[in-house]
Amino acid sequence: MRLCGNIGSPILIENNISKKTIFVIEVSSYQIEYSKIFKSNYAAILNISPDHLERHGSVKKYIS
């Protein structure tokens, strides 16, 4: 298992990846919004707080 993203190593420098490689990637809502190719098999929302409401406009939009 490899920790990447805002914690651990930047995801783009990872190499020696096989079909058995498991990544735990910490990303912000900003990064997810801008990514056109990021997808995951599993995801967990760990932190919803009002500090990003100025960008998303409402809690409902932030969560979606």
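These are my notebook entries on what I looked up in this structure.

**Entry 1: what I am looking at**

I remind myself that this is a predicted model. I number residues from 1 along the chain, as the sequence is written.

**Entry 2: salt bridges**

How many salt bridges does a search of the whole structure find? I noted 2 of them.

I took the pair of Glu14 and Arg2 to begin with. Their side chains meet in a salt bridge, at 2.9 Å from N to O. Glu14 sits in the loop between E1 and E2, while Arg2 belongs to strand E1, so this pair ties together parts that are 12 residues apart in sequence.

Is Glu14 buried or exposed? Its relative accessibility is 18%, and buried means under 20%, so Glu14 counts as buried. Arg2 has 23% relative accessibility, so it counts as partly exposed.

Then I turned to Glu33 and Arg55. These two form a salt bridge as well, with their closest N and O atoms 2.9 Å apart. Glu33 is in helix H1 and Arg55 in helix H2, and the pair links distant parts of the chain, 22 residues apart. I looked up how open each partner is. Glu33 is partly exposed at 47% relative accessibility, and Arg55 is partly exposed at 30%.

**Entry 3: back to Arg2**

I wanted to see what else I could note about Arg2, which is found in strand E1.

Where is Ala44? I found it in the loop between H1 and helix H2, which covers residues 53–56. Ala44 has 60% relative accessibility, and exposed means over 50%, so Ala44 counts as exposed.

**Entry 4: a nonpolar patch**

Which residues make the nonpolar surface patch? I wrote down Met1, Leu3, Ile7, Ile22 and Val24, with a patch area of about 510 Å². I picked Leu3 to follow up. Leu3 is in strand E1, which runs over residues 2–5. Its relative accessible area is 47%, so Leu3 is partly exposed.

**Entry 5: the largest pocket**

The volume I noted for the largest pocket is about 1,400 Å³. Its lining is made of 37 residues. Which of them lie nearest the pocket's centre? They are Ile25, Glu26, Val27, Ile32 and Phe38.

I also asked which elements take part in the lining. Strand E2 (23–26), helix H1 (29–34) and helix H3 (59–63) each give at least two residues to it. Sorted by class, the lining holds 19 nonpolar, 12 polar and 6 charged residues.

From Ile32 to Asn6 I noted 12 Å, C-alpha to C-alpha, for residues 26 apart in sequence.

My last stop was Asn16. What is its phi? The angle is positive, about 55 degrees, although Asn16 is not a glycine. I placed Asn16 in the loop between E1 and E2, where Glu14 also lies. Asn16 has 69% relative accessibility and so counts as exposed, whereas Glu14, at 18%, counts as buried.

Technical notes:
This is a predicted model: local features need pLDDT of at least 70, side-chain atom pairs count only at pLDDT 80 or more; totals for chains, interfaces and linings use all residues. Side-chain values use heavy atoms; hydrogens and water are left out. Patches are made of residues with over 30% relative accessible area and no salt bridge: like charges are joined within 9 Å, nonpolar side chains (Val, Leu, Ile, Met, Phe, Trp, Tyr) within 5 Å. Accessible areas come from the Shrake-Rupley method with a 1.4 Å probe; for residues, only the protein chains shown count as cover. A salt bridge is a side-chain nitrogen of Lys or Arg within 4 Å of a carboxyl oxygen of Asp or Glu. Helices (H or I, at least four residues) and strands (E, at least two) are DSSP runs, numbered from the N terminus. Buried means under 20% relative accessible area, exposed over 50%, partly exposed in between (1.4 Å probe, protein chains only). On a 1 Å grid over the protein atoms alone, a cavity is a set of points where a 1.4 Å probe fits but cannot get out, and a pocket is an open set with protein on both sides within 12 Å along at least five of seven lines; lining residues have an atom within 4 Å of a point. Grid points are joined across faces, edges and corners, and a volume is the space filled by probe spheres set on the points. Ala, Val, Leu, Ile, Met, Phe, Trp, Tyr, Cys and Pro count as nonpolar, Asp, Glu, Lys and Arg as charged, and the others, Gly among them, as polar.
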